[in-house]
Amino acid sequence: MPERKSIRELIKWGKEYLSSKRISSPQVVAELIAENITGKSRPYLYFDDDVYLDEKKKALFEKNIRRCARKVPLAYVICEQYFMGYRFFVRPGVFIPRPQTEILVEKSLQFLQKLNKTHPEKIIVVDIGTGCGNIAVTIAKEIKNAFIYAVDISSLALEVAKYNAKYHRVSSQIKFLAGDLFSPLSNIPIQGKIDLIVSNPPYVEREKMRYLPEEVKKEPDFALDGGKEGLSFYQRIIPASTRWLRGKGVLMLEIGYNQAEKVLNMIRREKEFANSPCLFYDLEGNARVISVAKK
Ligand SMILES: C[S@@+](CC[C@H](N)C(=O)[O-])C[C@H]1O[C@@H](n2cnc3c(N)ncnc32)[C@H](O)[C@@H]1O
């Protein structure tokens, strides 16, 4: 890279370098890295064409571009990901929130807002596999009388989730618990009292793990690997949830694009669920969320 360069020139170099390594949207990636380092929003990066980074920041810009070129996810490089319009801190070792999970949260919020009209007391929610806390924090921000128990097996994820809850000032509405699925709830007297169980569990088929894009392979296996058929978490969550939900409480699950039929069959086997599970679709027409109420 030539010696002295303006932000604009640095972005141009970054874009060309990323493009030569076949990274998609190289311009946007270079701009987001510049935004992250300078603290300036994108339009200002272009107005200030005579602004130069000091040596340290210039080296960081170059390092971050090279990390993206090696297929480290951008969210890990800039340590953040937006979800439902909120900013979440993420770091390597923790799952990066995906746009499709916004469907799960939108449907959860719709259910909770409706519930609020008839049931304005405290609402109890459980988020299984909370990751960086994106689902729990968004629900807490949007539903002020919700209290959320957010469980994860990874202590690193919980550390990040606690940070995000603090950042968004909702720590008093969320209890973070370490452990396997429902087991950390066993000492809390909420059995049969939960209004909503929400989960985006790992659901990638084991066989497909090695064909995932390089960027996705940089995320932790335990956040993606759903066992042989990708269904092992649904096989455990679905039967266990009826014990925890109150009557008319809802289970809301994100599913893989081709898993609807199999997950529906698991739900139909549980006689305590109502007969009418609902499917919600992404823009490509794939069912990505299943919701079902307890009788
Ligand atoms: C697909 S990520 C979802 C993260 C976040 N909820 C989201 O939607 O963006 C699945 C999460 O489940 C957690 N997890 C994996 N196995 C678990 C288990 N047995 N019990 C609880 N959490 C688990 C992982 O650590 C990971 O954070």
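This tour moves from the domains to the ligand site and then to a pocket.

The model is predicted, so local features need pLDDT of at least 70 and side-chain atom pairs count only at pLDDT 80 or more, while totals for chains, interfaces and linings use all residues. Residues are numbered from 1 along each chain as its sequence is written, and side-chain values use heavy atoms, without hydrogens or water.

Begin by colouring residues 7-70 as domain 1 and 101-293 as domain 2, bounds that come from an automatic or database domain assignment. The C-alpha centres of domain 1 and domain 2 are 36 Å apart.

Now display the polar contacts (pairs of N or O atoms within 3.5 Å). The side chain of Asn200 places an N or O atom 2.8 Å from a ligand oxygen. For the backbone, select Ile153, with an N or O atom 3.3 Å from a ligand nitrogen, and Gly179, with a polar atom 3.4 Å from a ligand nitrogen.

Finally, select Gln110, Phe111, Lys114, Val250 and Ser291, which among 13 lining residues are the closest to the centre of the second largest pocket. Lining residues have an atom within 4 Å of a pocket point; a pocket is an open set of points on a 1 Å grid over the protein atoms alone, where a 1.4 Å probe fits, with protein on both sides within 12 Å along at least five of seven lines. Helix 6 contributes the most to this lining, with five residues; helices are DSSP runs (H or I, at least four residues).

Notes. A polar contact is a pair of N or O atoms within 3.5 Å; within protein, one must be able to donate a hydrogen and the other to accept it, and residues adjacent in sequence count only if both atoms are side-chain atoms. Helices (H or I, at least four residues) and strands (E, at least two) are DSSP runs, numbered from the N terminus.
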